[in-house]
Every structure is written in C-alpha cells, then in structure tokens.
Amino acid sequence: EENSNLTVGIRVRPLNTKELNDSKITSVIQVNDQNIIVTCDSVQHTFTYDHCFMSQMDASESGYANQEIVFKNMVLPLVQNAFEGYNVCLFAYGQTGSGKSYSMMGQESAQVNTISINEAVGIIPRFCQEIFTRTSTNMNTKTIVEISYFEIYNEKIHDLLTNVTNGIKRAPLKVREHPVFGPYIVDLSQHCVQNYKDLQTWLKVGNSQRATAATGMNEKSSRSHSIFSIILTQTQINNQLNSESMDASRRSKINLVDLAGSERLSQTCASGDRLKEGVSINKSLLTLGKVIASLAENTSNRKRGFVPYRESVLTWLLKESLGGNSRTAMLGTVSPANIHVEETLATLRYACQARAIVNRIRINEDPHD
Ligand code: ADP
Ligand code: MG
C-alpha cells in the first residue's frame, strides 16, 4: 500500500454572452500558476491547487485551457494509473452553470472523427478514447472494457443505459455491500464496449435519458448526480507453450462523476429543508461534505475516526474512492462573475479541504483470474 493525496484542479469558465452584455457583471478571478485569486469586497482571497485552468477568455486567446489541456494535465495521469491496476475516481463539483457537464461530457453536438477529437468533447469520451488507443497497440494483453452509467436522484438510483419502454418507470436500483468487493448496485446494466463507436452509441442513450427526464422535472440535471463507471480488465496473454503458468490479471474500477449543483447545499443550509426533492439531493451532497471533512480531519490527526459513508447513496457507492483504495481527483468548476462570488468562494474552500485527503492505494492484481 502507498499514500495518495487527492488531486484537485479548478476550472474557471468564460463569461457567457448575457454576462458580457451586462455592464453590472465583472470578473473577480485571476489565475497565476497554481493560485487562484478572488477579489470580494476589495479583499483578495488566494487559494492554491494542483491545477488551475483558466477558460475565462475567448478560446482563440493564449492561455485558454481547452478540453484537451484539462484532459492532458489532469486526467491522463489517471488513465495511466488505471492501466497500472489502480482504481480511479474523478468528480466534478461546482454550482449549476459553472461547467461540470461541459468538462465531464462536453458539448452534445461534439462529434468525433477517427483522426482527431473535436475540441468540445469532454473528459468521459476522451478517457475512453485513450483506453482504446492504448489497448489497440498492446498485443500481449487482452483488455476488456465494461461500462455502466446511472444517476442518483432523490437518493434513488436509475440506470441510464437500459431501454425505457414507453414511459414505464423502472423501479430504482438498490445498493448492497459485498464482503470483499464492497458496495455495488444490484442489477445495474453493464455493457462491453469494443471501440469508440460503441461507446458513442451508449453515451447517446444515457445522455438522452438524462435529458428527457430533465425537461419534465424542474431542471433535474442540476439536482441529480450522474456516475459513469468503467471496469478495465487486463489479462496478460501467455504466448509460451507451457500453458500451466498462470495468467495474471489486473482490474481497475474507474468512476467519473458529475455531481448535482453545489448551490443546493448552501441554499438548504441557509433556509432549512423544504421540498423532499431538496432534502434528498442535499443528503448526498451534504454527506459528501461531511465525509470529506472527516477524512481531512483524520489525515491531519493521523487518526481513523468515523466516516459517515453510509448516510447517503452517493458516498456509500464512492466509499473506495474517498479515503479508500483509489487514485482520486476533484475538478472544481467556478464562474468568474461577481454575482456568483459567494458560491465561487464556497467551492474553492470545499476544494481546499478535499486536497488534504490522503487515500491508501494498491494495485488490484489477481494471479488466478
Ligand atoms: P453545469 O453542468 O455545471 O451546470 P454546464 O457544463 O452545463 O454547467 O455549463 C453551463 C454553460 O456554460 C454551458 O452552455 C456550457 O457550454 C458553458 N461552458 C461551461 N464551461 C465552459 C468552458 N470551459 N468553455 C466554454 N463554455 C463553457
Ligand atoms: Mg450539468
């Protein structure tokens, strides 16, 4: 086992057209290497992270952190870790409209041709593309890529990759805890993908199920957490005639998480629980906050204090990713606008706390698989 700190990056989105046309709206954020400086009531707040990505200007200007730069600097090391056999988790945290989905999934219209990836494509498709590129060039290893995609809404789990038959609602799925492999979702569909085209087909299915639900229900996407999981299994192919020698296999679980808008958290803290919807959403985000706080505290005290993983579906499922056996990264997304400065400061403080967490990790190797 070895220690692994949570890696934290912050991405500042550009001001949108509406904000640019509003004379009362100004930018309050500057980025200087690993530091972010926020000016609020003429006080400067400075925060330091592993990565700071400035996307606050026009994409053609120099210094603009596009999807490729975010992927190369922050995500590519995680792909490498996954191939080494470590579990990997990346979650996007931030207020609604700050760029979580843009970063994780990218723009809907983004199409990939076989030669190069369109700039607007986000982390999830790039992650998969990178896996396929690597596996196609390694002939000594047999690799299996299995995906699943689900959302947590109101503390209930919904599979995004099973076909919905004409509006018939499926019963939500349940979490169980396996004595060795930990928490898992009963009956969650898993799909073997061979290439990028397969993957795109599944992403379309999953994203459209997210979107369909969103139009009916009060911007559901800002209230739900979506989790895209990949199981990467690599088996060494033994070319020698002596077939008695065992094939070694490595298996890593990759969780790519687009969290509900963090404003839910501060709103409920301020005004108390009103709607059931609000209560449950906050339960997962609130518990994530508690889990991060207690892990950060455990790390600084070198203690193993109680961590309330099982208080919410999200934290229960991400148990290994938070303080367990996983290389974990958090991408905090923020708006540069003065009107969002309170939420921005809340996200930056949250991200600082997460950076203090240390996971204990090991390679998942099974010689007898
Ligand atoms: P969230 O998922 O956090 O609610 P979105 O990812 O949907 O936010 O982003 C809100 C809007 O801002 C979208 O129209 C998106 O295309 C745009 N946007 C977000 N981040 C960026 C960025 N880095 N560059 C360009 N546009 C962005
Ligand atoms: Mg979103």
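This is a predicted model: local features need pLDDT of at least 70, side-chain atom pairs count only at pLDDT 80 or more; totals for chains, interfaces and linings use all residues.
Two residues count as in contact here if their C-beta atoms, placed from the backbone, lie within 7 Å. Leaving aside neighbours within four places in sequence, I10 is in contact with I36, Y49, C52, F53, G332, V334, L348 and A351. I10 also belongs to the largest nonpolar core, a set of 78 residues, where I10, L90, L256 and M330 touch the most other members. Helix 2 (residues 67-84) supplies the largest share of this core, with eight residues.

Now over to the ligand. Ligand 1 has 15 residues around it, and S55, G99, K100, S101 and Y102 come nearest. By type, the shell around ligand 1 splits into eleven polar, two charged and two nonpolar residues. Helix 3 (residues 100-104) gives the largest share of that shell, namely three residues.

Next, have a look at Q200, which sits in helix 5 (residues 196-216). Q200 counts as partly exposed because 16 other C-beta atoms lie within 10 Å. In sequence Q200 and P125 are 75 residues apart, yet their C-alpha atoms are 7.8 Å apart in space.

Most residues other than glycine have a negative phi. D33 isn't a glycine, but its phi is positive, at about 55°.

Notes
Residues are numbered from 1 along each chain as its sequence is written. Chains are lettered from A and ligands numbered from 1 in the order in which they are written. A residue is near a molecule or strand if its C-beta atom, placed from the backbone, lies within 6 Å of it. Helices (H or I, at least four residues) and strands (E, at least two) are DSSP runs, numbered from the N terminus. Ala, Val, Leu, Ile, Met, Phe, Trp, Tyr, Cys and Pro count as nonpolar, Asp, Glu, Lys and Arg as charged, and the others, Gly among them, as polar. A nonpolar core is a set of buried Ala, Val, Leu, Ile, Met, Phe, Trp, Tyr and Cys residues joined through C-beta atoms within 7 Å. A residue is buried if 20 or more other C-beta atoms lie within 10 Å of its own, exposed if 12 or fewer, and partly exposed in between; C-beta atoms are placed from the backbone.
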